[in-house]
Amino acid sequence: MTREPMPAGGFVAKRLPVHAGGAGWNAILGPSPAPRPLRGDITADFTVIGAGFAGLSAARRLFQLDPSARIVVLDAGRVGEGAAGRNSGFMIDLPHDLTSDDYGGEAGAEAGGEAGGEGGDGGLIRLNRAAIEFARRAVEEYGIAPGYFDPIGKTNGAVTEGAHARNLSYAEHLRGLGEAHEMLDQQAMSELTGSRYYLSGLHTPGTVLLQPAGYVRGLAEGLSRQAAINHVAIHEESPVTGFQREGAGWRVRTPAGSVSTARIILANNGHVESFGIARGRLMHIFLFASMTRELDADAVRRLGGQARWGITPSDPMGTTVRRIGPDQGGHRIVVRTCAEFCPGMESSETTMRRATRVMREKFEDRFPALSDVRMEHSWSGHLCLSRNGVSVTGEIEDGVFAACCQNGLGTARGTLTGIAAAETARGESSAVTRFFAGQPRPTRLPPAPLAKLGATAYLRWKEWRARKE
């Protein structure tokens with residue numbers, strides 16, 4: 001990626017992350033250990049800004065490459081309460097372009113290469129599966145609860161004939177790639193979900209369903225337990241207010257301390273723009289989710305279906321639904337839908353109220369037998385996308401590396417950008433670093449007023465078109 005000139009006086013944060021509602025995935029796990037905010041001045045070889053999928057993956061990869069390195073991870077909030085804990089938890093191996101009509105998309109073409117090359121669908125699938133394997137090994141190594149990493153696949157649900165046609169189109173795409181998939185009829189979908197709402201489904205076996213907050217908390221706890229060995233320190237409630245050049249390295253500042261560091265990895269997704277990086281090139285979208293109270297035995301009986309599953313809509317702007325089990329936080333159903341374009345990186349209370357109402361309607365459409373089951377948690381989550389579907393990666397300033405803009409694919413893509421940033425910072429080359437090095441810069445957005453009007457209108461139209469899905 002082409003470097004941007006460093007601002008005079010260094011990089012200063014113009015805003016800090018703001019989230020609406022408590023992250024339900026994190027809340028159902030119970031309280032975390034007390035945070036250890038950064039206090040005072042310390043030194044490090046690497047400083048990672050952001051403790052989500054990208055940041056914690058970067059820290060783990062750095063340790064793998066250099067166990068003697070001193071690594072500091074800083075997060076503005078609590079691990080599991082930020083964007084990672086607001087994710088739907090689908091770690092998807094196959095092409096999953098949210099801007100397309102059927103997920104097939106053309107994202108691979110932006111990176112160059114044919115379908116089987118590093119930049120095409122075949123190469124992207126291999127990279128996504130490498131990210132899943134990286135996560136699987138972390139689960140084993142750190143003793144993360146197996147239920148937080150559930151390799152049961154996912155199903156694209158279709159409600160209308162048009163949606164069913166999109167599933168058939170995507171199935172044909174997968175057939176051409178030689179990828180396993182299974183079409184499910186209405187009866188099979190009812191047996192899976194307990195709902196007669198879906199006309200059909202397309203099941204693919206390679207997706208892992210994460211308990212996203214549980215997984216990232218497990219990563220952080222695993223790294224922290226080994227702190228005496230691998231010199232990794234994780235400081236929560238330590239928002240980075242800025243960083244500037246200090247001799248041959250950098251000084252990273254927080255409200256109560258600072259880190260003198262040789263290299264920085266920015267793993268704060270869309271909030272990289274808060275530091276003036278990739279300004280005017282990133283789209284900030286908020287999605288909304290609700291989670292039921294824990295279902296009692298009677299509700300489980302009325303629902304029927306299988307104990308755990310994940311449904312993505314055949315139209316990317318439709319409604320995502322998951323059912324989770326006791327080893328993930330209790331028998332619950334999670335619904336995610338509605339989108340808001342937020343250049344200021346903060347969702348509105350008006351949209352939060354609207355989304356909560358819509359999600360309740362979507363839930364009752366699918367599960368009328370559970371109309372008495374209340375929603376216990378509702379929240380918004382920040383996605384960062386670029387117009388051309390690329391990430392913000394590479395060395396953006398001497399000693400400053402990026403692992404940002406996950407294009408709505410925070411689990412697998414966040415893991416990959418974190419790995420790429422760690423390897424690039426260490427001077428390593430791999431299929432992961434070559435993939436991201438081959439991507440162009442995110443393209444510029446239209447002027448802010450036009451972008452806001454155009455994006456809002458476009459999202460509302462897409463949402464209306466996918467209203468039944």
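The legends below describe close-up views of a predicted model.

Residues are numbered from 1 along each chain as its sequence is written, and side-chain values use heavy atoms, with hydrogens and water left out. Because the model is predicted, local features need pLDDT of at least 70 and side-chain atom pairs count only at pLDDT 80 or more, whereas totals for chains, interfaces and linings use all residues.

View 1. His382 lies in strand 18, which spans residues 375–385; strands (E, at least two residues) and helices (H or I, at least four) are DSSP runs numbered from the N terminus. With a relative accessible area of 10%, His382 is buried, where buried means under 20% relative accessible area, exposed over 50% and partly exposed in between, for a 1.4 Å probe and protein chains only. The side chains of His382 and His284 are joined by a polar contact of 3.0 Å, that is, a pair of N or O atoms within 3.5 Å, of which, within protein, one must be able to donate a hydrogen and the other to accept it, residues adjacent in sequence counting only if both atoms are side-chain atoms. Beyond its neighbours within four places in sequence, His382 is in contact (heavy atoms within 4.5 Å) with residues including Ala83, Asn269, His271, Phe286 and Met345.

**View 2. Cysteines without a disulfide.** The whole structure contains zero disulfides, a disulfide being a pair of cysteine sulfur atoms within 2.5 Å. For Cys384 the closest cysteine sulfur is that of Cys405, at 3.7 Å, which is too far for a bond. Cys384 is buried at 1% relative accessibility, and Cys338 is likewise buried, at 4%.

**View 3. The largest nonpolar core and Tyr215.** A nonpolar core is a set of buried Ala, Val, Leu, Ile, Met, Phe, Trp, Tyr and Cys residues joined through side-chain atoms within 4.5 Å. The largest has 51 residues, of which Leu56, Ile71, Met91 and Tyr215 touch the most other members. Helix 4 (residues 121–142) gives the most to this core, with nine residues. Not counting residues up to four places away in sequence, Tyr215 touches Phe53, Ala135, Ala138, Val139, Ile144, Tyr148 and Leu210. Apart from this core lies another, of 28 residues, among them Tyr198, Phe286, Ile311 and Ile333.

View 4. The strands are arranged in the order 4-9-5 with antiparallel pairing, where two strands pair if DSSP finds at least two bridges between them. Strand 4 (90–91) and strand 5 (149–150) are the edge strands, each pairing on one side only. Strand 4 pairs with strand 9 (residues 208–210) over two bridges, and Met91 has Val208 of strand 9 as its bridge partner.
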